[in-house]
Amino acid sequence: MDTTKTPAPNAAEADTQVDLEKSETTQDAAAEAKADADLAAATDTDADSALTGADLDDDFAQDQAEAEQPSQVGSAAFAIVSAGLSVVALSGSWVAGIVSERASIAARLELSQAADANAQIAAQFVDPWHTTAMVNGVFSALALIIATFVLALPAFSTPERTLPTWVRSVSWAGIGLGALGVLLFVLMYFDLLLAIPKAAA
């Protein structure tokens with residue numbers, strides 16, 4: 001009786017089948033991982049595209065808003081002019097000097113030979129003094145009006161319009177200096193700041 005065991009005829013086929021199943025499982029897992037990676041990449045691409053589109057929309061809206069906002073060049077120019085006029089009114093100008101000299105000459109020509117000392121003082125000093133005060137007062141009033149107009153301009157335009165900070169600062173400086181110039185004009189023209197010198201009897 002032969003007791004030798006012979007290998008089962010299907011053992012090799014079983015091992016081959018197990019290897020094939022393992023290979024298929026590995027391939028399926030690799031395919032699923034690749035599909036997940038592709039899906040994630042596609043999702044990231046869509047998100048980046050959405051963000052890029054949103055950024056472009058924001059930039060376009062900002063550019064459009066800046067284009068629709070009115071220019072402040074005129075307001076800035078008027079503010080600088082008002083401050084300049086107020087400084088000229090306080091420091092004096094060649095216009096005031098010319099007008100003062102003319103008033104002095106005209107007053108001297110009207111003097112008679114028998115004019116007393118007080119009349120001569122008025123002709124040589126008081127009249128030119130008043131004329132200079134009047135010219136500087138006109139400059140101060142113009143500076144005050146222009147600066148007030150610049151500050152009040154946004155109230156008559158669209159609500160979105162606002163003046164830059166430096167323009168408002170220069171306008172307020174023009175108002176302050178212009179008001180000071182008007183005050184000095186009143187004090188000088190009506191001889192409230194300095195009394196007119198009088199000659200001794």
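Student: Is Leu163 buried or exposed?

Tutor: A residue is called buried when its relative accessible area is under 20%. Leu163 has a relative accessibility of 7%, so this residue counts as buried. Keep in mind that the model is predicted.

Student: Where is Leu163 placed?

Tutor: Leu163 lies in the loop between α4 (117–152) and α5 (165–189).

Student: Which residues is Leu163 in contact with, leaving aside its neighbours within four places in sequence?

Tutor: Contact here means heavy atoms within 4.5 Å. By that rule, the partners of Leu163 are Gln72, Ser75, Val150, Leu151, Pro154 and Arg168. Take Ser75 from that list: 88 residues separate Leu163 and Ser75 along the chain, while their C-alpha atoms are 7.9 Å apart.

Student: How do I read Ser75 itself?

Tutor: Go through the steps as for Leu163. Ser75 sits in helix α2 (residues 73–91). Its relative accessibility is 4%, and therefore Ser75 counts as buried. Once residues up to four places away in sequence are set aside, Ser75 touches Val150, Leu153, Arg161, Leu163 and Val167. Val150 is among the contacts of Leu163 and also among those of Ser75.

Student: How many helices and strands does the protein have?

Tutor: There are five helices and zero strands, and the order from the N terminus is α-α-α-α-α.

Student: What share of the residues in the protein is buried?

Tutor: Of the 201 residues, 20% are buried. The accessible surface is about 14,200 Å², with 64% of that belonging to carbon and sulfur atoms.

Student: And contacts across the sequence?

Tutor: Consider contacts between residues at least 6 apart in sequence: 81% of them join residues at least 24 apart.

Notes:
Residues numbered from 1 in each chain as written. Predicted model: local features only at pLDDT ≥ 70, side-chain atom pairs only at ≥ 80, totals over all residues. Heavy atoms only, no water. Helix = DSSP H or I, 4+ residues; strand = E, 2+ residues; numbered from the N terminus. Buried < 20%, exposed > 50% of the residue type's maximum accessible area, 1.4 Å probe, protein only. Areas by Shrake-Rupley, 256 points an atom, 1.4 Å probe, with all protein chains shown as cover.
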